Amino acid sequence: MATLKSCSVCLRDSALQLPRHNSGDSYKRRNAKWRAPQAAVLPNFHLPMRSFEVKHRTSAEDIKSLRLITAIKTPYLPDGRFDLEAYDALVNMQITNGAEAVIVGGTTGEGQLMSWDEHIMLIGHTVNCFGGSIKVIGNTGSNSTREAIHASEQGFAVGMHAALHINPYYGKTSLDGLIAHFNSVISMGPTIIYNVPSRTGQDIPPRVIDRVAKSANLAGIKECVGNDRIEEYADKGIVVWSGNDDQCHDARWSHGATGVISVTSNLIPGLMREIMFRGKNPSLNSKILPLVNWLFQEPNPIGLNTALAQLGVVRPVFRLPYVPLPLEKRLEFVDLVKEIGRENFVGDKDVKVLDDDDFILVGRRKKNEKVRDIAVVLFVFECGNDGNWHIQEESSLQMAILKYAEEEGGGD
């Protein structure tokens, strides 16, 4: 009760004090020199939405020790919704083969194609099902600081262990803006900062990280610039993960990286664990490099989505604008699986060469879905002859709209 009282006092004391209008000095105000208004500052106005009753509590120190983190793929049903059965199976394969954490809804998981409702639901689902066996890191970053704060609050509220935050992209900002952005979100909980200039159009230079590193919530950096940058952070004692699968072996054993946040581990988690845990192994690294190069010949996650579909682990469903790799590349993947060994890949089905017609590309909802929703929601009431409103399961107006929806949607 004392805490609540002090909080109310804080908000009351910080309330805006508006000047009273005095009609007598209107003449003076019209002739006075204009002055820029001063911003109103409300101290402690934003209080973090957080709970101390977290089922699988963790800290930044727990995240810093992770060596193999999989940027997990999000599978889809034929209508474009999440295929949670396939997703659960894929996460279980990661756990069984030694991955220590998953990034949910990252670039690989196509968070950029999700609504925030889908995003938070998938994070919560992953925590609920697997949070006791693997660390769940939710991609709650955004180029809008307000959205990043809101999504991070929700992600931690549903139990994620850490947040992944990219720098503001497309619009970009100044270096001071980067610092302000990261300082605004890092207070929510353990945080990994993700630097990938090829996607954002802006590098996060070390001087920005040096400022943000003052927070105890900084778990580390996912760095895609290269191993020289990784070594620079490692020499300062800042935890860093390689974001490039083709460089992760040398990053881990020659440049001080703690581990890797990997796309390839979706396919061969056991081999990726061996590279991260069992010391230098240039021969194994050379063995998997052709697969890594194949995966990234087109922007991620196009190659991964194609490969998992060919392995029968996920349905061959793509949310546009992603489309599968062409037939000649699908043939190459079959050869790569044979060279590396089918037993090293996830799933237990034979690898297949899928035809173009086997893939489903999802761009939007069916034409009549929205119209049907409106009909059901808005027209459940109808005015009767007695002048009163009655619940009608099938009002004449509703039926007319449903008929129109069927005609527009092709009768399905």
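Student: Which residues touch the most other members of the largest nonpolar core?

Tutor: As this is a predicted model, everything said here describes computed positions. The largest nonpolar core holds 62 residues, and apart from it lies another core, of 19 residues, with Leu66, Tyr194, Val239 and Trp241 among them. Within the largest core, the residues that touch the most other members are Leu267, Ile268, Leu291, Leu308, Leu311, Phe333 and Phe345.

Student: What does Ile268 touch, not counting residues up to four places away in sequence?

Tutor: Ile268 belongs to the group in the largest nonpolar core that touches the most other members. With residues up to four places away in sequence set aside, the residues that Ile268 touches are Ile288, Leu291, Asn344 and Phe345.

Student: Why does the pair of Phe318 and Phe359 tie together parts that are apart in sequence, and how many residues apart are they?

Tutor: The rings of Phe318 and Phe359 form an edge-to-face pair, with 5.8 Å centre to centre and 70° between the planes, and both residues are buried. Phe318 lies in strand 9, whereas Phe359 lies in the loop between helix 15 and strand 10, so the pair joins parts of the chain whose separation in sequence is 41 residues.

Student: Is the aromatic pair of Tyr76 and Phe82 tilted or edge-to-face?

Tutor: The structure holds four aromatic pairs, and the one formed by Tyr76 and Phe82 has its ring centres 6.3 Å apart. Both Tyr76 and Phe82 are buried. An angle over 60 degrees would count as edge-to-face, but the planes of Tyr76 and Phe82 are 35° apart, and the pair is tilted.

Student: How far from the ring centre of Tyr194 is the charged end of Lys222?

Tutor: Tyr194 is one of the residues of the core that has 19 members. The charged end of Lys222 sits over the ring of Tyr194, and its distance from the ring centre is 4.1 Å.

Student: Why do the buried residues of helix 4 line one face, and within what arc do they fall?

Tutor: Helix 4 covers residues 84–96, and its buried residues are Ala86, Tyr87, Leu90, Val91 and Gln94. An α-helix has 3.6 residues a turn, so residues three or four places apart point the same way. The view down the axis of helix 4 shows its buried residues on one face, because they fall within an arc of 135°.

Student: Which exposed residues does the face of helix 4 turned away from its buried side carry?

Tutor: The buried residues of helix 4 pack against several elements, including strand 1, strand 2 and helix 5. On the face turned away from that buried side, the exposed residues are Glu85 and Thr96.

Student: Is Ser262 buried or exposed, and what is its relative accessible area?

Tutor: Ser262 has its place in strand 8, which spans residues 259–262. Leaving aside neighbours within four places in sequence, Ser262 is in contact with Leu68, Ile69, Thr70, Ala71, Asp245 and Met272. Buried means under 20% relative accessible area, and Ser262 is buried, with a value of 0%.

Student: What separation do the C-alpha atoms of Val351 and Val334 have?

Tutor: Val351 lies in the loop between helix 15 and strand 10, and among the residues it touches are Leu311, Phe333 and Val334. Although Val351 and Val334 are 17 residues apart along the chain, their C-alpha atoms are separated by 6.3 Å.

Definitions and conventions. Residues numbered from 1 in each chain as written. Predicted model: local features only at pLDDT ≥ 70, side-chain atom pairs only at ≥ 80, totals over all residues. Heavy atoms only, no water. Core = buried A, V, L, I, M, F, W, Y, C linked by side-chain atoms within 4.5 Å. Buried < 20%, exposed > 50% of the residue type's maximum accessible area, 1.4 Å probe, protein only. Contact = heavy atoms within 4.5 Å. Phe/Tyr/Trp six-rings, centres within 6.5 Å; stacked < 30°, edge-to-face > 60°. Helix = DSSP H or I, 4+ residues; strand = E, 2+ residues; numbered from the N terminus. Lys NZ or Arg CZ within 6 Å of the ring centre and 35° of its normal. Expected span 1.5 Å × (residues − 1). Arc of directions from axis to C-beta.
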